[in-house]
Amino acid sequence: MADAKTSSVQQPLYAKYVNPQWVRLLDVLGMNVRYASCLGSELFTEDGRRILDFNSGYCVHNVGHNHPGVVRAVKAELDRNGPAMLQGHVPELAGELAQRLCGQAGGRLSKVFFCSSGSEGVEAVIKFARAHTRRPGILYASGGFHGLTCGALSLMDNPFWTAEFGPLLPETQPVPFGDIGQLEKHLSSRKFAAFVVEPIQAEAGVLIPPPNYLEQAQSLCRCHGTLFVLDEVQTGMYRTGPFLAAHHFRVEPDMVVLAKAISGGLVPSGAVLMSDAVYNSVYSSFKRSIIHTSTYSENSLSMRAGLATMDVLADGNLGERGERLGRQLREKLTSRLSRYDMIKEIRGLGMMSGIEFRPPKKFRLRILFEAFSRIHPAMFGQVLVMRLFRDKAIYSQICGNNFMVLKVAPALVINESQLDEFVDAMEAIVDLMHASTGFWTEALGMARRVINVI
């Protein structure tokens, strides 16, 4: 499906020294383009195209690409020539950002460990939970996504991510997301240090928990001496409306992992918010003041970017705005798409939505759909993503653990006309997949080529 112009964009140094398979995949999908600039929810290519971003870096760009307020703050910090990576001092900016984060999170969250990514935050959770409880086990919800380092992988049960990497951490155990009975059964053994769960399972298909599930899970954890830990790497920073998705469900976790959107998409950063009790279990003495650290964790650029991002989110009331516009988006999508056979459900909270598809009922279309599935289970979703990008100039992505769900997560600064543009594009593509075998047959040629790429 990639034309000669797109294929010629291959970056030879990246292909040679970094990840040639990624370059090949983007070429086949017709998505290997050079971006000249990115601002807000819009991406501008060197050949003059304007692309609407409905993925926002997997919820990195909550304030949009290159928000001028965050850019100004980072530039000013650079011009200050201050102690960016001194290590042997007290970084006051880290204290300011920690105060802001804990103030917005509320509950029992009163201390912060800064790091550089969500995966690194999950690694800290595992260590801190074990130190606090003196227990080895970690419970986690099936279908979740927590990162790709070995500890984080140990809390994921999808073999696509874990296969071929050898033994992972022992004594980790999945429980079905939303199944309070299974959770209670495992917690009653009193061998688990923490239960780690996403309040909304983003990569599993934007799954919302059953009513009262998280409240009941928290209560059971408290009863059995297990820490209740929320991974809010994608759902935090006002993505679903309130500062934390936890606030939707009236829970007060012992630990929360934040990352992605925390520093405006400009500087890698993450944070683990925790109670004083957990913190004091780790940093329990003068001797242990450096027992868990991270080289880049409190650098002045990421801390300054984090403070500026908090300002932008608050000044623009972006959480409340995103919640309102996200609800309207789902209503419009439901109104326009629910009549189509392949639309199973449209769900979400705030500016995080999922459009779940199902196999077509019509025999002639089902045969083609099954041909896609035999090539690769993600093929249908990638063809959908490719069509939106090529035909409608919209960048999107399917969920990493559910290839039948298109994740819809634009920046919180997206405007109503851009949302309407997405709704129009989705209706046109969904109509095409139902009305024309051309949608399927054209893509099958691409699918056969991509089999050696994925």
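Predicted model: local features only at pLDDT ≥ 70, side-chain atom pairs only at ≥ 80, totals over all residues.
1. Ground rules. Local features need pLDDT of at least 70, side-chain atom pairs count only at pLDDT 80 or more, and totals for chains, interfaces and linings use all residues. Residues are numbered from 1 along each chain as its sequence is written, and side-chain values use heavy atoms, with hydrogens and water left out. Helices (H or I, at least four residues) and strands (E, at least two) are DSSP runs, numbered from the N terminus.

2. The seven-stranded sheet. This open sheet has the order β4-β10-β9-β8-β7-β5-β6, with mixed pairing. Two strands pair if DSSP finds at least two bridges between them. β4 (111-115) and β6 (172-175) are the edge strands; each has a single partner, so one side of each lacks a neighbour in the sheet. Neighbouring strands are turned by 20 degrees against each other on average, direction ignored.

3. β5 (residues 137-141) and β7 (residues 192-197) run parallel and are joined by four bridges. Glycine 137 faces phenylalanine 192 in β7.

4. Helix α7. Residues 118-133 form this helix of 16 residues. From first C-alpha to last, α7 reaches 22 Å, close to the 22 Å expected (1.5 Å times one less than the number of residues). At its start, a side-chain oxygen of serine 117 comes within 3.1 Å of the backbone nitrogen of glutamate 120. Arginine 134 follows α7 and has a positive phi, near 60 degrees.

5. Where α7 sits. α7 lies across β4, β5, β7, β8 (227-231), β9 (255-258) and β10 (270-274). Its direction is at about 165 degrees to β9 (angles run from 0 to 180 degrees between N-to-C directions). Its buried residues (under 20% relative accessible area, 1.4 Å probe, protein chains only) include Val122, Val125, Ile126 and Phe128.

6. The four-stranded sheet. A second open sheet has the order β1-β2-β3-β13, also with mixed pairing. β1 (35-39) and β13 (394-395) stand at the edges with a single partner each, so one side of each has no neighbour in the sheet. β1 pairs with β2 (residues 42-45) in the antiparallel sense over four bridges. Serine 37 stands opposite phenylalanine 44 in β2. Helix α17 (residues 416-435) packs on this sheet and touches β2, β3 (50-53) and β13 (contact: heavy atoms within 4.5 Å).

7. A helix pair. α6 (residues 92-105) and α13 (residues 300-315) pack at about 35 degrees, with axes 9 Å apart. Contact residues include Leu97 and Leu101 of α6, and Met303 and Leu307 of α13.

Notes: Buried < 20%, exposed > 50% of the residue type's maximum accessible area, 1.4 Å probe, protein only. Polar contact = N/O pair within 3.5 Å; in protein donor to acceptor, adjacent residues only side chain to side chain.
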